Amino acid sequence: MSTAYPIPSDISPATVKNTASLLRIVALSLISGAAIASRLFAVINFESIIHEFDPWFNYRATRVLAAKGFYEFWNWFDPTAWYPLGRVVGGTVYPGLMVTSGVIYNILHFLNLPVDIRNVCVLLAPGFSALTAWATYMFTKEMKDESAGLLAAAFIGIVPGYISRSVAGSYDNEAIAIFLLMFTFYCWIKALKQGSALFGTIAAVFYFYMVAAWGGYVFITNMIPLHALVLVLMGRFSDRLYVAYSSWYAIGTLASMQVPFVGFQPVSTSEHMGALGVFGLLQIVAFAQLVRTHVSSQQFQKLLFGSVVAIGVLGFFSFIFLTYKGKIAPWTGRFYSLWDTGYAKKYIPIIASVSEHQPTAWPSFFMDLQFLIFLFPAGVVLCFRELRDEHLFVIIYAVMASYFAGVMVRLMLTLTPVVCVASAVALSTLLDTYIDPTEPVADDDTRSEADSTVTSNGSSAPSKKAKKAAAAAVSAPSKGPLSDLVAAATGSAHAGTGNITTGIFGLDSRGVVVLNVVFMLMFFVFHCTWVTSNAYSSPSVVLASTNPDGSQHIIDDFREAYYWLRQNTPQDAVVMSWWDYGYQIAGMADRPTLVDNNTWNNTHIATVGKAMSSSEEVAYPILRKHDVDYVLVIFGGLIGYSGDDINKFLWMVRIAQGVWPEEIQEPNYFTSQGEYRIDDRASQTMKDSLMYKMSYYRFNELFGGNPGTDRVRQQQVPKEGPTLDYLDEAFTSENWIVSLFPSLSYLAPHHFFRSTSDASNCICSRNSDSDFVSMSLLVLPRW
Amino acid sequence: MKFLLFASLCSLLALPSSFAATPQEQLALLAAAGNGVIKLNTETYDLLTSPKRTWSASIQLTALDPRRRCGPCKEFNPAWHAVARAWHNVPAATKNEHFFAMLDFDEGPTVFQKLGIASAPIVFNYPAADGPRKPKNGNLSPVKYDFSEGFDATPLASFLSKYTPIDIPYKDPIDWMRWITISIAALGAALLLRFISPIVQNKWSWAVVTVITSLVMTSGYMFTRIRNVPFNGGNGNWIAAGYQNQFGQEVQVVSFIYGLLSFAFLMLILVVPLQSSPQRQRLQVYLWTGVIMIIYSVLISLFRVKNRGYPFKLFL
Amino acid sequence: MAPKSTPASSETAFNAFNTLWKAYRDGTSDRLKFIDSFLFFLMLSGIVQFAYCILVSNFPYNAFLAGFSSTVGQFVLAASLRSQVNPDNKDEFKDVSPERAFADFALGSIVLHFFVYNFLG
């Protein structure tokens with residue numbers, strides 16, 4: 001057998017095997033290192049700080065856990081949140097994240113490593129990303145082989161779609177959830193392949209961990225049953241499937257009910273009913289199979305089939321009946337909004353208002369996945385070629401996740417693993433084909449014909465004829481690419497002649513393709529590094545802008561204001577702000593807040609929205625009623641921070657309108673042309689609103705009395721700035737981003753943030769929606 | 001005939017003292033003439049929205065003349081008439097407490113100017129300014145309908161019901177055509193299934209469906225659906241400005257690019273190794289590698305248009 | 001099955017069950033029969049618990065769920081064990097020897113009952 005390039009022949013297979021596994025270990029540890037290191041931009045560029053909004057709550061809860069122990073944390077009632085309601089934290093969180101870092105903290109202290117709990121929290125996500133890389137390796141190994149596994153691990157280690165949720169300091173549930181997701185799936189595949197109850201049990205235990213860690217566990221709850229159902233429908237039911245699914249479901253469901261926040265949901269809500277239904281179906285099918293092995297009478301088979309169908313139909317109708325009677329809760333809002341995309345906007349503006357819940361435009365896909373996004377369909381096709389049971393899983397996962405990621409930006413996170421796996425399968429198949437040194441044997445016919453083409457270009461006419469003849473003889477290979485594709489796909493190929501006829505000829509063909517792949521991989525690395533360092537590493541508590549000379553300028557208004565609150569106000573001073581900032585105020589300023597990011601009480605949020613969008617006279621009694629001492633406003637007009645409260649204002653109006661449609665009406669906040677303006681032409685309701693007044697209070701003084709320009713909205717503020725009768729300005733941060741207004745005794749901070757114009761696109765997309773302009777519906781008639 | 005009646009009524013209005021009919025009765029007559037909708041002009045508009053009104057009114061401001069080229073106006077008009085007709089069926093006593101009216105731009109441009117309106121359609125709901133139905137909070141300014149839920153009649157009816165004395169008895173007409181189409185389609189599909197079952201059972205037809213679905217979804221199709229973005233921006237401009245925005249046409253272009261790149265990779269993986277002639281194989285290797293490089297460059301440059309700060313580029 | 005069977009077909013159904021029972025009695029090893037009797041017991045226990053929940057009271061709900069899940073869980077684990085040690089299924093379970101199957105069964109049961117105990121409240 002000839003080879004394209006010399007390969008040493010005097011190495012024993014054992015040596016090859018050992019070296020390969022050593023290299024794999026080295027590669028995996030390097031991948032882990034890269035995964036962790038690329039997530040440290042946030043720490044290097046800024047500092048070791050908790051990011052964003054939700055992580056601040058998780059951090060606060062973890063501090064309680066670390067300081068007072070698990071039982072205290074479990075029973076923790078937080079009176080400062082949702083003032084005056086308070087919040088039972090233990091029963092309303094997914095505790096997995098906090099418990100994980102609490103355990104790590106205790107282990108480190110047991111080993112006499114006095115690490116600060118904050119550093120444990122900051123570095124948890126990078127640490128778990130290394131584990132995710134490993135889990136993805138194991139998963140992909142089941143799909144193809146180790147080399148595809150390594151590629152997949154490398155991809156998931158540095159792909160921005162996952163980094164966006166797991167940089168150092170992004171201490172959120174997703175930080176550990178993706179590892180759990182991948183590992184549960186791996187165990188499921190393993191259980192299915194072997195028919196092993198052991199792996200089913202492990203999958204159930206990790207499923208439990210996932211339930212304890214992230215609300216996205218519903219994805220697993222539906223993916224695995226869907227896979228099982230498709231297998232049954234395709235006639236691929238086997239006892240292995242029965243063993244794997246039954247052991248996973250029976251243990252996993254019981255385990256998931258241990259988490260207080262989930263409670264009895266697994267047996268009472270529609271999201272979980274699919275899993276239950278498939279469980280029942282499998283029992284019936286398995287029983288029918290068993291009976292069939294004992295009796296082979298035709299009549300009996302018919303009877304059996306009829307009864308299975310009857311039971312299935314009966315089960316379906318009883319499910320509908322129970323839903324109708326209210327015994328089974330229908331789909332929850334967040335889940336429902338995934339299917340009926342207009343639902344959220346109509347009925348639950350609080351969900352629609354979060355930019356993580358906005359649909360995804362294509363640049364986000366490309367930004368987060370780069371060349372994987374177009375390699376991934378190729379990988380899916382390769383899965384179809386083999387179509388073993390586990391390949392079906394990847395295919396279903398690919399379809400579901402790409403739909404979900406299209407509907408909600410934040411679900412990009414669930415798409416990322418399958419994209420990495422599928423593209424790794426595609427790329428490693430490509431490399432396998434083109435690195436394989438075996439030279440195929442060319443057909444004698446075509447070789448001589450090829451020779452003749454080379455020798456005499458002029459006499460190509462007869463050789464073409466020869467080619468045609470050869471084509472007719474061989475029939476498959478030269479009817480054009482499509483028939484080739486079909487032939488390749490159906491796998492019938494040209495095997496069987498004895499000679500190896502498939503493969504690559506010559507070194508240059510190999511070289512071109514391999515070089516191209518290497519180049520694309522390198523480009524991918526550069527892309528990921530750039531995206532990570534520029535877009536996803538900002539803590540959004542501290543902002544950075546670039547000075548004209550290129551140096552970095554740190555804008556720290558948020559913390560400035562929060563520390564002001566902490567230092568200058570009594571411990572029990574209640575601060576009112578839009579819900580986005582609730583966790584940060586609680587975490588950094590340690591003051592009670594009216595509403596925060598745990599948006600469970602729509603009415604309470606609407607109350608704040610109403611206060612912000614009404615005139616001072618209306619708002620003041622509301623503030624008094626809630627004992628508000630300070631109102632906090634975020635304003636970015638001075639430095640061009642687009643994620644400020646004026647841009648979120650329409651959502652406050654909308655949410656308030658949902659509860660008080662008589663008093664707050666969204667159209668009143670637009671000009672008569674339907675525009676959202678803040679300058680002279682702004683509507684009177686807009687100008688009277690508390691939010692407007694607080695934001696632009698004394699704004700003109702900065703410009704020496706001339707009308708100031710709002711740099712976010714690029715509009716001039718009215719010459720006569722707003723006046724405040726009931727509230728007073730207490731504190732405004734350096735760049736005016738945060739303002740605190742006490743009502744008579746309140747403070748209002750002007751928080752002003754600025755970010756570089758490029759990065760702001762990416763940074764601000766993560767929080768409450770800022771630039772949602774829906775009024776373009778109305779088309780202007782031309783006159 | 002209708003027109004004559006309308007004209008005579010208008011002339012009657014011009015002579016307010018000649019008949020004893022109260023304005024409310026006049027309006028009721030007008031409404032009856034227009035099948036529930038009063039076709040307004042400048043004078044009747046003033047009458048309908050007079051500061052002494054004891055009735056409430058919903059007014060559609062629109063521009064139906066083809067010259068105005070207002071697509072949404074035409075789209076919305078049937079829904080308006082449907083709701084008005086539903087209101088017309090309530091008992092006469094309550095019926096005349098609330099009026100439906102419409103004002104075309106060409107009938108009363110001065111009203112549009114007075115209201116400072118530059119877009120259409122717009123629905124204003126005027127509460128009663130006097131009498132028992134005057135709002136308790138004293139807010140007499142008209143309420144504008146928010147079209148965020150589309151131009152359908154149902155949300156309009158439920159919105160206006162908040163301002164009418166009793167709920168508007170509007171029910172969606174049962175769309176018989178739709179049900180018939182659906183049942184015929186289902187029947188047809190069931191019949192067809194017998195013939196196409198080889199296709200349904202073939203994994204490659206599923207592969208095509210799967211791949212097309214994921215290509216379309218990852219090109220932002222759901223974004224265009226949810227946000228109702230236009231197909232393109234007009235004037236041959238098909239790339240929406242901004243990183244988090246896109247037009248419908250971009251979905252097609254981007255998914256085509258992705259598909260082409262995927263296809264090139266599949267050719268390299270599946271088809272090229274099957275070639276038994278070294279020359280042809282070499283040609284194909286170079287061809288598909290070239291395709292990948294060039295299309296990839298195009299994709300990158302397209303991305304650079306969307307994200308101005310992106311620092312990398314390939315050959316283009 | 002019963003509701004839709006006419007007299008004639010109930011006759012055949014009865015016959016069919018007879019043959020089934022016979023085939024089962026003759027064609028199943030004692031080891032599997034032992035597992036099957038355990039399965040039958042679990043099924044009865046589950047039915048009793050469910051009937052109690054429906055007829056008497058489902059309070060405390062978590063205790064009911066724990067008890068019911070323990071029977072269901074134990075049932076499916078035992079059924080898994082049964083199919084893994086069934087000599088007919090040798091080809092299916094290449095990686096699972098009967099000994100390993102029992103170890104899996106034991107481990108699964110321990111994990112299951114750990115959660116059951118925790119959930120009883």
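**Figure 1. Helices and strands of chain A in the predicted model.** Chain A holds 34 helices and eleven strands. The model is predicted. Of the 783 residues in chain A, 52% are buried. Among contacts in chain A between residues at least 6 apart in sequence, 71% join residues at least 24 apart.

**Figure 2. The side of chain A that touches chain C.** In this view, 31 residues of chain A are in contact with 36 residues of chain C. Four helices of chain A each supply at least two residues of this side: α10 (197-213), α12 (239-256), α14 (270-294) and α15 (298-325). The most comes from α12(A), with ten residues. By class, the residues on the side of chain A that touches chain C are 16 nonpolar, 13 polar and two charged.

Figure 3. Residues 101-120 of chain C are 100% helix and 0% strand, with end C-alpha atoms 28 Å apart.

Figure 4. Residues 176-197 of chain B are 100% helix and 0% strand, and their end C-alpha atoms are 30 Å apart. Residues 204-223 of chain B are 85% helix and 0% strand, and here the end C-alpha atoms are 28 Å apart.

**Figure 5. The crossing of α6 and α22 in chain A.** Helix α6 (residues 117-143) and helix α22 (residues 412-435) of chain A cross at roughly 45°, and their axes come within 10 Å. At that angle α6(A) is oblique to α22(A). The crossing of the two helices is right-handed. On the α6(A) side the contact consists of A:T136, A:F139, A:T140 and A:M143, which meet A:P417, A:C420, A:V421, A:A424 and A:V425 in α22(A). Seven residues of this contact are nonpolar and two are polar, with no charged residue.

**Figure 6. The packing of α29 against α30 in chain A.** Helix α29 (residues 602-613) and helix α30 (residues 616-625) of chain A pack with their axes 8 Å apart, at an angle of about 140°. This angle makes α29(A) oblique to α30(A), because only angles over 145 degrees count as roughly antiparallel. The crossing of α29(A) past α30(A) is left-handed. From α29(A), the contact is made by A:T607, A:K610 and A:A611, and from α30(A) by A:A619, A:I622 and A:L623. Four of the residues in the contact of α29(A) with α30(A) are nonpolar, one is polar and one is charged.

**Figure 7. The annotated core domain span of chain A.** An unreviewed UniProt entry places the annotation "domain: STT3/PglB/AglB core" on residues 572-624 of chain A. In the model, residues 572-624 of chain A are 55% helix and 6% strand, and the end C-alpha atoms are 15 Å apart.

**Figure 8. The loop between β1 and β2 of chain A.** Most residues other than glycine have a negative phi, and most peptide bonds are trans. A:W82, in the loop between β1 and β2 of chain A, has a positive phi, near 50°. With 20 other C-beta atoms within 10 Å, A:W82 is buried. A cis peptide bond joins A:Y83 and A:P84, with omega about 0°. A:P84 lies in the loop between β1 (77-78) and β2 (87-88) of chain A.

**Figure 9. A:D627 in the loop between α30 and β6 of chain A.** A:D627 lies in the loop between α30 and β6 (628-634) of chain A. Although A:D627 is not a glycine, its phi is positive, about 55°. A:D627 is partly exposed, with 14 other C-beta atoms within 10 Å.

**Figure 10. A:K719 in the loop between β8 and β9 of chain A.** The loop that holds A:K719 runs between β8 (715-716) and β9 (731-732) of chain A. A:K719 is exposed, with 11 other C-beta atoms within 10 Å. From C-alpha to C-alpha, A:K719 and A:C187 are 66 Å apart in space, and they are 532 residues apart in sequence.

Technical notes:
Residues numbered from 1 in each chain as written. Chains lettered and ligands numbered in written order. Predicted model: local features only at pLDDT ≥ 70, side-chain atom pairs only at ≥ 80, totals over all residues. Contact = placed C-beta atoms within 7 Å. Nonpolar A, V, L, I, M, F, W, Y, C, P; charged D, E, K, R; others polar. Buried ≥ 20, exposed ≤ 12 C-beta atoms within 10 Å, placed from the backbone. Axes fitted to C-alpha atoms, helices over the stretch in contact; angles between N-to-C directions. Parallel < 35°, antiparallel > 145°, perpendicular 65-115°, else oblique. Left-handed = near helix turned anticlockwise from the far one by under 90°. UniProt positions renumbered as here; feature names shortened; annotations may be inferred.
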